[in-house]
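User: Could you take me through the pockets and surface of this model?
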Amino acid sequence: MPRGQKSKLRIRERRRQAQVEPQNLGVQRATSTSSTEFIRGCIDEKVLIMVYYLLYKYNVKEPISKVEMLREVIQMCKNHYLEILQRAAEHMEMIFGLDLKEVDPYRHIYILVNKMEASCDTRLRDRIEIPKTGLLMAVLGVIFMQGNCASEEQVWEVLNVMGLYKGRKHFIFGDPKKVITKDLVQENYLEYRQVFNSDPPYYEFLWGSRAHAETTKMKVLEFMAKIHNMAPTAFPSLYEEALRDEEERAQARASAKARIAAWARARSSALASSSSHSKRF
C-alpha cells in the first residue's frame, strides 16, 4: 500500500477513535455518578438505622459494641463504618443530647451518656421521654437566648439545623410542629401564643409554668453550651442573667424556709402555751 494511502487510513482511524472516546467517557461518567448516588443513598439509610439502633440500646441500658454494629446495622457497608457511626453520633448529640462514649478502646465498646444528666432537672427527665426532652431543652435554649421570648421563625431556624422541618415528618418525632405547638404546650412546658394585633397572625414561644418549675436558665444554658462543646461563660450576658436567676431562686427558697421555720416556731409556742394553760386547770 502506498505511503500516502497508509497515512490517510491512520488519520481516519484517529478521527474515529476521537469520536468514540467522548461517548465512552460520557457513559463512564454517568455510570460513576449513578454508582456514587447509590452508595450515598445506602449510607444515608444506614445512618438512619444506626440512630434507631443506638436509641434502642440506650432505652434498654445496654453497651454497644463495634462487632454488634457491624453485624446488626453496617453489614455490607463495612468500608463506610466510621462515617456512618460518626454521622449517627452527631445526630444523637444534637437532637437527643446523648453523647456516644468509647469505654473500652480495645474491644470498641461504647455507651450513650445523657448530656442532660448534669444540666436538666431530674423531674424533667422523668416526666418526658428522652427524645422529646432533648427537643424541649433545645427550644427552651432558643427562647432564653432570644431574650426569653422567641418568634416561631427563630425556633424553626434552629430546629432546621437539627434536621427538623415544619410540615415534614421526622423519623423519631413524627410531626415536629405538633410536638412543640401542641404536645409540649398542653403539658405546660411551653407557651405558644399569637402576637397581639398581628395580621397576618404571628406566633411566639415562651417558657411554660412547668419549665420554670422544673429547670432553670443556668441548666438550660449548660445544656446548650455542652451541645456546642463550649463553656456557659462563653455567653457572658446570658451567663450573668442565669446567675441572677439562680440568686433569685436561692433567695426565694431561703425566704420560704424562713416562713416555714417561723410558722413552726409559732405553732410550737402556741401548743406549749396551750399545754401549760391546760395543766393549770
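Analyst: By class, twelve nonpolar, four polar and two charged residues line the largest pocket. This is a predicted model, where local features need pLDDT of at least 70 and side-chain atom pairs pLDDT 80 or more, while totals for chains, interfaces and linings use all residues. Residues are numbered from 1 along each chain as its sequence is written, and side-chain values use heavy atoms, without hydrogens and water.

User: Which residues lie nearest the centre of the largest pocket?

Analyst: Met-94, Met-162, Met-224, Ile-227 and His-228, out of 18 lining residues. A pocket is an open set of points on a 1 Å grid where a 1.4 Å probe fits, with protein on both sides within 12 Å along at least five of seven lines; lining residues have an atom within 4 Å of a point.

User: And which elements give two or more residues to that lining?

Analyst: Helices H3 (81–96), H5 (130–145), H6 (152–161) and H9 (217–227) do; helices are DSSP runs of at least four residues, strands of at least two.

User: How much space lies in the second largest pocket?

Analyst: About 230 Å³. Among its 13 lining residues, Val-47, Val-51, Arg-87, His-91 and Phe-171 are the closest to its centre. H3 supplies the largest share of this lining, five residues.

User: Changing topic: is Ile-111 buried or partly exposed?

Analyst: Ile-111 is partly exposed, because its relative accessibility is 33%, between the limits of 20% for buried and 50% for exposed (1.4 Å probe, protein chains only). Ile-111 lies in strand E3 (residues 109–114).

Conventions: Nonpolar A, V, L, I, M, F, W, Y, C, P; charged D, E, K, R; others polar. Points joined across faces, edges and corners; volume = space filled by probe spheres on them.
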